[in-house]
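Have the model open as you read.

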Amino acid sequence: MVDNTASSTGRAQPEHSPSAKRRRDATATRQAILDAAITAFTRHGYDGVGVRDIAHSAGVTAMLINRYFGSKEQLFAEAVDVASAPRTVIAGTGPELADESARALVARTAPEAEELGPFLIMLKSAPNPRAAQIICEAIERHPGRHLREELSGSGAEVRAELMLAVQAGVWLMRNVLRTTALAEAEPEQLARQIESLFQTLVSSTPESPETAPPRSAQH
């Protein structure tokens, strides 16, 4: 049997050689492009990388990327959607949501932790208005929806986004800027403090104007 990965000299051909590319089926090619795009947008943001750069990393041509995804914007939208889908820092359900999400956040923002791709894409791509809109839509579709499904009572959408804001802020301060207090905080104590914040958002129901106590008259 002839080894199709070898040349006439018997040496294995490079992974991105023309013959290797031809053997890829459509699904594998599309996935290779998507993986390369997620990595590129995570490292450089939307404006920091071009279709040709992604094509080079994926071992394909820019024309092939346009064939599969239509445009850089559409490729970015799918990359963000895939990157945002996993519950990276949202953990637990019901009464365990606040505690487990707090612990997941502390673990995933530790200095030695693996980078959080969705947060980096957001940070580096947000200056572009269209990219920011795509990111917002993905947040609402994935982590926002996960939290809204867990929260009950009025104001669930606002409380869900407040939890996401806390998560993004802790990640930025602790993992990117590495402010002293958060970077050096004892993990268990930090998790308990974050849990307290989350628990307020999970369990509280904003008072309606009819039930809220009247404000003191201003003098």
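A pocket here is an open set of grid points with protein on both sides within 12 Å along at least five of seven lines, and its lining residues are those with an atom within 4 Å of a point. Keep in mind that this is a predicted model.

**The pocket**

Let's start with the largest pocket, which holds about 340 Å³ of space. Its lining takes in 21 residues, and the ones nearest the centre are F119, M122, I139, P143 and L164. Sort the lining by class and you get 15 nonpolar, 4 polar and 2 charged residues.

Which helices each supply at least two residues of the lining? They're in the table.

| Helix | Residues |
|---|---|
| α5 | 72–84 |
| α7 | 117–125 |
| α8 | 129–141 |
| α9 | 143–150 |
| α10 | 156–176 |

Now look at how α7 and α8 sit against each other. Their axes are 9 Å apart, and the packing angle is about 150 degrees. Angles over 145 degrees count as roughly antiparallel, so that's the label for α7 and α8. Their crossing is left-handed.

On the α7 side, I121, M122 and S125 make the contact, while α8 brings A131, A132, I135 and I139. By class, the contact residues come out as 6 nonpolar and 1 polar, with no charged ones.

Two names turn up in both parts of the story: M122 and I139 are among the residues nearest the pocket centre, and M122 of α7 and I139 of α8 also take part in the helix contact.

Key: Residues are numbered from 1 along each chain as its sequence is written. This is a predicted model: local features need pLDDT of at least 70, side-chain atom pairs count only at pLDDT 80 or more; totals for chains, interfaces and linings use all residues. Side-chain values use heavy atoms; hydrogens and water are left out. On a 1 Å grid over the protein atoms alone, a cavity is a set of points where a 1.4 Å probe fits but cannot get out, and a pocket is an open set with protein on both sides within 12 Å along at least five of seven lines; lining residues have an atom within 4 Å of a point. Grid points are joined across faces, edges and corners, and a volume is the space filled by probe spheres set on the points. Helices (H or I, at least four residues) and strands (E, at least two) are DSSP runs, numbered from the N terminus. Ala, Val, Leu, Ile, Met, Phe, Trp, Tyr, Cys and Pro count as nonpolar, Asp, Glu, Lys and Arg as charged, and the others, Gly among them, as polar. Axes are lines fitted to C-alpha atoms, for helices over the stretch in contact, and angles run from 0 to 180 degrees between N-to-C directions. Angles under 35 degrees count as roughly parallel, over 145 as roughly antiparallel, 65 to 115 as roughly perpendicular and the rest as oblique. A crossing is left-handed if the near helix is turned anticlockwise from the far one by less than a right angle, and right-handed if clockwise. Contact means heavy atoms within 4.5 Å.
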